[in-house]
Structures are given as structure tokens and as C-alpha cells.
Amino acid sequence: MEILLALVIGVLAGSGIWLVLRPRTFQVALGLALLSYAVNLFIFSMGSLVIDKPPLVVPGLPADLEHYSDPMPQSLVLTAIVIGFATTALFLVVLLASRGLSGTDHVDGEQDAP
């Protein structure tokens, strides 16, 4: 399970970096979204990769990650999802305004020669 999750995070991060380096702004927006997904999965995996473990400490059991899951990474990921959605929406609005003003969707504002 850990190897699969590490591969998924690596593929998402690599794809995100590749898209961020592309010349068009929509590809940059998709790359930033993929990078945020990779970071969210990484943070979420730090809580522990167990199923059916309560996030609260039960009396009589030691307070370690073997007996419960940490709720802090889950709350951080939830907050990051909300902030990432708002940031992506703002980026798309700025992208549309830039496209309307400059007439191109390239990051540097210059169209490639045909």
C-alpha cells in the first residue's frame, strides 16, 4: 500500500511540475492543481494508512498510531482543499482577464511563431 501511494504521489507531482513548465496558462493551472493533489495525499498519508481506526484515544489503549489515526493531517488536507479551490477559481478569473486584454493565453504573453 505504501509503495503504491508513493508512486501515485510521485506521478502526480511529476506531472504537475511538467504542466507548470508549459507555455499556456491553462496548463499551468492544471499543473498547480496536480501539485496540490500530490501534497494533499502526502500530508494525508502522514496521519497513518489504517482502516477502521478511531481518531480519538480510547481509555485503556496506548496513545500511538498503532491504535488510532491522527486527525490533524485530515483537517489540514480539508483546509488545503478549500483554500486550493478558492485559489484556482481566482487564478482562472485572472487567466480570463489576461486572455481578454492580451489576446493570447501564453504565460509570457507572446505567441509562438507558426
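**View 1. Helix 1 and helix 2 are roughly antiparallel to each other (over 145 degrees)**. In this predicted model, where local features need pLDDT of at least 70 and side-chain atom pairs count only at pLDDT 80 or more, totals for chains, interfaces and linings use all residues. Residues are numbered from 1 along each chain as its sequence is written, and side-chain values use heavy atoms, leaving out hydrogens and water. The axes, lines fitted to C-alpha atoms over the stretch in contact, of helix 1 (residues 2–20) and helix 2 (residues 25–45) come within 7 Å and cross at roughly 155°. Helices here are DSSP runs (H or I, at least four residues).

**View 2. Here are the residues where helix 1 meets helix 2**. Contact (heavy atoms within 4.5 Å) involves, among others, L5, V8, I9 and L12 of helix 1 and L34, L35, Y37 and A38 of helix 2. By class, this contact has 17 nonpolar, five polar and no charged residues; Gly counts as polar.

**View 3. Helix 2 also packs against helix 3, at an angle of about 175°**. Their axes lie 10 Å apart, and the angle makes helix 2 roughly antiparallel to helix 3. Among the contacting residues are F26, I43 and F44 of helix 2 and P73, L76 and F91 of helix 3. The tally is 13 nonpolar, three polar and no charged residues.

**View 4. What lines the largest pocket?** Of its 16 lining residues, A33, S36, G84, F85 and T88 lie nearest the centre. Helix 2 and helix 3 (71–102) each give two or more residues to the lining, which divides into eleven nonpolar, five polar and no charged.

Conventions. Axes fitted to C-alpha atoms, helices over the stretch in contact; angles between N-to-C directions. Parallel < 35°, antiparallel > 145°, perpendicular 65-115°, else oblique. 1 Å grid on protein atoms, 1.4 Å probe; cavity = no way out; pocket = protein on both sides within 12 Å on 5 of 7 lines; lining within 4 Å.
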